[in-house]
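Please look over the model below before reading my points. Keep it open as you go through them.

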Amino acid sequence: MKFLKTLAVSAAAIVMGAGAALADGELNIFNWGNYTSPEMIKKFEEQYKVKVTITDYDANDTALAKVRAGGHGFDIVVPSAHYMPIWIKDGLLLESRPDQMENFKNVDARWANVDWDPGRHYSVPWQWGLTGVIVDTSLYKGDINTWGLIFDPPPELTGKINVAPEMNDVMYSAIKYLGGEWCTTDKDMLRKVRDKLVEAKPKWIAMDYGVIEKFASRDFGAALYWNGAAVRSRQANPDVKFGYPKEGFPYFMDSAAILKDAKNVENAKLFLNFIMAPENAAMISNFAKYANGIKGSEQFLGDDLKDAPELVVPKELESAGTFIMLCTPEVMDLYSKIWTEVLK
Amino acid sequence: MSNAEAVAKKFRERDIFGRWLLSFPALFVIFIAAVGPLFVMLLYSFMVKGDYGDVKYWQFSGDGWFSVFFQRDIFDDTVSVADAHLLILWRSIRLAAMTTVLTLFFGFPTAYFIATRPEGKRELWLFLITIPFWTNILIRTFAIQETIRNEGVFNTVLMKLGIISSPIQIMFTDTAVLLGMVYVYLPLMVLPVYASLEKLDFRLVEAGYDLYAPRLQVLWRIILPLTKPGIIAGSILVFIPAIGAYVTPRVLGGGKNMMLGNLIELQFGQGRNWPLGAALSITLMIIVTVALLFYVRNASKSGAGHGH
């Protein structure tokens, strides 16, 4: 009993100690896991005397569901482009007008006015990248610029493939692989897509996030995944290369925005402005290894990123990439039915 | 009405009021924390699903419940039994049952070992059993992953010893999931079984030996019947969380073969079908309740059986 009492007292002491460490202001960021640079956060905390708390999510839908449920206490969220219209339409975001902020001049013209947030009234660029195939070339020597490695895998890779459990990315890739267009409602095409996915799934080993350490430990031979993770996988395992599927690959951009029911709006606005400064944007990229969309950040990038093959799309394959757009609810309904059938 | 009666009535009323007042905290907690959320879930399961997740409030439909059991083909609109859901349900029940059996298989000897130690030493052993509880389930699951993955401890040792030449694929298989589940839930079996073994009168075991019962018969006819309440309690404690297990199948199974918990999560996430998710959750609760009733009925029968 005496032991238990000691334990309880020390637990209470730890909790109270943590409470005392709180600074004047707070900021709660809800972001993708393994995506936020700790150095950048530390710099922000010191510069503005704000205590930052980061909570992870692993999928756009998870974030959306949690925020919709209310009572989350988050100030900032970082949704992907094709989800942004849902967030805006549902009134979940605050119209914080980043386009009028001081550092907005640094945003690359390519990202200053985008379809999913016209005029950037809600969000600022966080990072952008694309989905492709990460391959351990010690196992497979052939052409890696094709979705065939995932959907019709060669024997060397069969049973060693991981597919990100992201409906949009997987459906996009499968539709493109079979020659269709994103948002298609063509039943014949969709039947082929479903059959192909059902046929390919037994040849995959997992459908999971967190590939970097699995490539390092050589548990995975190939993955349908994002290019930033490919950079980090290569740093952990030099045999890893990133392929840009010639059949068509999806670009994505995640953008930071303030939630409508944020409690620390002023701190959140400071943060949005802060991440549009080139040296801060570069810190985000240096950590998560994706490009950031802020002009002038290149000079602050680490040497490993300046000429990373995973971040520069080869000229001849540039036209193969498009942004994933939000399809109509009917189309999404159809796609999620196929997705559930594949996942069972 | 006499004066005395009036006073007595007043006291009774005050008494009743007092009882309500005293039970208010308990009732409040039960309604707010248990009945309330359940009601919300029930309500959601009967609403129309929203375009991109969420529900359309106060528009009711039976679609959520319909799709628990039936599915409409995407291509030709024919209705059939939802075999995907039944498959996942069966997979979950089978996994939970196997976990229960295996935890009993490993947990019973463990509990017996502890119960037969000298009185002062038992607490130390129990303490060792409870240590894993101090760690988050996710961390325990990742620890297993580190042990069994291709370049993990297990495979490395076997390869160094020259027993195998290439790593055995354990990660992302059903074996990995089962291993993780048994490890995580083992203490939940050991503790109740130990509680009933501790109360076991070992003179009865000695009497059995005196009457020339072989060891197996002593176990089967004396020890097991007397510890049945503990075994049943342990089985309930293991089976119920195991059937809704989410973390272990996802981390060790690689998220390819869904369990009920993962299926429910899918509906609130990428499946964007909250009514179906709510209906599936309630279905899971009904299964658990039925299992519980079954166990409780068995437990009371066995209690009457040997006259305790």
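1. Start with two helices of chain B. The axes of helix H8 (residues 202-210) of chain B and helix H9 (residues 215-243) of chain B come within 10 Å and cross at roughly 145°. Axes here are lines fitted to C-alpha atoms, for helices over the stretch in contact, with angles from 0 to 180 degrees between N-to-C directions. Helices (H or I, at least four residues) and strands (E, at least two) are DSSP runs, numbered from the N terminus.

2. A word on the basis. This is a predicted model, where local features need pLDDT of at least 70, side-chain atom pairs count only at pLDDT 80 or more, and totals for chains, interfaces and linings use all residues. Residues are numbered from 1 along each chain as its sequence is written, while chains are lettered from A and ligands numbered from 1 in the order in which they are written.

3. Which residues meet where H8(B) and H9(B) touch? From H8(B) come Leu204(B), Val205(B), Gly208(B) and Tyr209(B); from H9(B) come Val218(B), Ile222(B) and Ile223(B). Contact means C-beta atoms, placed from the backbone, within 7 Å. The residues of this contact are six nonpolar, one polar and no charged. Ala, Val, Leu, Ile, Met, Phe, Trp, Tyr, Cys and Pro count as nonpolar, Asp, Glu, Lys and Arg as charged, and the others, Gly among them, as polar.

4. Now the loop between H8 and H9 of chain B. Tyr212(B) is found there. Its phi is near 65°, a positive value in a residue other than glycine. Tyr212(B) counts as exposed because it has 7 C-beta neighbours inside 10 Å. The cut-offs: buried is 20 or more other C-beta atoms within 10 Å, exposed is 12 or fewer, and partly exposed is in between, with C-beta atoms placed from the backbone.

5. Cys183(A) is not a glycine, yet has a positive phi of about 75°. Cys183(A) sits in the loop between helix H7 (167-177) and helix H8 (187-200) of chain A. With 16 C-beta neighbours inside 10 Å, Cys183(A) counts as partly exposed.

Key:
Two residues are in contact if their C-beta atoms, placed from the backbone, lie within 7 Å.
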